[in-house]
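Here is a short report on how two chains meet. Look at the sequence and the structure first, then read on.

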Amino acid sequence: MSEFDGPRWLRDELKRHLAPVHTPELLWERIQAGSARQRRVAVNWARWPVAAILTVGAALGSYWLPSEGRVTQPAIEAASATDSPMPTAEWDLRCAPPSGRASFYRANLALRRGHPLRLTASVSEDGSNGCQTCHVRGLTQHHL
Amino acid sequence: MVLEGTERELVTACQRGDREAFRALFELHKDRVYSIGLRFSGDPAAAMDIAQDTFLKLFSCIQDFRGDARLETFLYRLVVNSCLDRKRKDRRLLPLVDDWAATLLAKEASPSERVLQSEVATTVRSAVEKLTPDLRMVIVLRYTEGLAYEEIAEVLGCSAGTVASRLNRAHKMLQRRLAHLAPQCGGERV
């Protein structure tokens with residue numbers, strides 16, 4: 001081990017000017033404040049994982065809950081498929097003008113009720129207005 | 001177990017979360033921790049930060065202290081790490097401020113002021129502050145705390161030979177930088 005400690009005057013000066021000092025009184029208060037801040041920071045950091053878990057939970061919930069509702073959907077679709085002579089895949093679901101939408105609703109409503117009617121206004125022999133097909137079939141009440 | 005009786009009880013109480021024990025442990029070691037921070041950084045505000053950081057670390061990891069080493073050694077390691085962390089942060093933020101301040105101080109020193117002891121103190125501390133952190137730390141542990149080579153080696157996690165080598169280099173640098181004080185200081189002794 002090297003025992004070179006420098007000249008005596010240097011060692012004396014270093015001992016004198018690097019001597020221990022007393023601590024200011026407010027250090028304990030600072031430590032307590034720092035400890036509280038550290039706890040707050042820890043709590044703040046704990047919030048992020050909780051927020052992430054809640055977000056993922058909400059996202060999964062918003063995905064799964066409608067899926068749960070769709071359990072009955074095949075039965076409904078099967079029933080409607082048997083009702084409807086028109087294959088749903090061929091339906092044009094694009095937005096139509098109001099008059100087109102109204103005629104579509106009327107036509108499909110009639111189809112679902114088992115009366116594929118052509119909605120043409122006619123005047124019967126007795127002079128009353130009505131659906132020609134209904135009159136032909138002897139229906140006294142308009143089905144629309 | 002290396003801990004003395006009272007200190008072991010204090011540590012055990014701290015591990016149970018006793019606030020009074022924390023306070024007692026703080027009172028026992030506060031001057032030691034603050035002095036190392038002050039002598040290493042040369043700045044009272046930085047020394048307060050270092051001491052605060054050291055005690056917060058001590059209180060948060062006291063559960064892990066098993067008493068295999070002396071508490072002083074454990075504490076010295078914490079304060080050394082805090083000092084070096086602080087130094088790294090300062091180097092990142094203000095790389096030129098130290099040199100600039102040292103230049104200003106050197107210009108302000110007049111020949112008449114140099115005879116004053118406070119000026120000698122400023123000069124000596126300024127010379128110590130200009131040492132590299134590893135050399136400065138061995139000087140502080142040696143002269144502020146009066147630790148032996150083996151104790152410094154245990155704190156720094158290196159060999160006693162490394163400590164001796166660093167002390168040797170630090171003394172040579174300080175002797176060269178403080179050479180102008182030699183006649184004055186030697187004259188006082190005679």
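In this predicted model, the rule finds one salt bridge across the interface of chain B and chain A. The partners are B:Asp49 and A:Arg30. Their closest N and O atoms lie 2.4 Å apart.

Which helices of chain B supply at least two residues each to the side that touches chain A? They are helix 2, helix 3, helix 6, helix 7, helix 8, helix 9 and helix 10. Helix 2 of chain B gives the most, with ten residues.

The side of chain B that touches chain A divides by class as follows.

| Class | Residues on the chain B side |
|---|---|
| Nonpolar | 23 residues |
| Polar | seven residues |

Now take the whole contact. Chain B puts in 42 residues, and chain A puts in 34 residues. Together the two chains bury about 3,600 Å² between them. Of that area, 63% is on carbon and sulfur atoms.

One helix pair shows the packing. Helix 1 of chain A, residues 8–17, packs against helix 9 of chain B at an angle of about 95°. Their axes are 11 Å apart. The two helices are therefore roughly perpendicular to each other.

Which residues meet here? From helix 1 of chain A come A:Trp9, A:Leu10 and A:Leu14. From helix 9 of chain B come B:His171, B:Leu174 and B:Gln175. By class, this contact of the two helices has four nonpolar, two polar and no charged residues.

Methods: Residues numbered from 1 in each chain as written. Chains lettered and ligands numbered in written order. Predicted model: local features only at pLDDT ≥ 70, side-chain atom pairs only at ≥ 80, totals over all residues. Heavy atoms only, no water. Contact = heavy atoms within 4.5 Å. Buried area = accessible area lost by both parts, 1.4 Å probe. Salt bridge = Lys/Arg side-chain N within 4 Å of Asp/Glu carboxyl O. Helix = DSSP H or I, 4+ residues; strand = E, 2+ residues; numbered from the N terminus. Nonpolar A, V, L, I, M, F, W, Y, C, P; charged D, E, K, R; others polar. Axes fitted to C-alpha atoms, helices over the stretch in contact; angles between N-to-C directions. Parallel < 35°, antiparallel > 145°, perpendicular 65-115°, else oblique.
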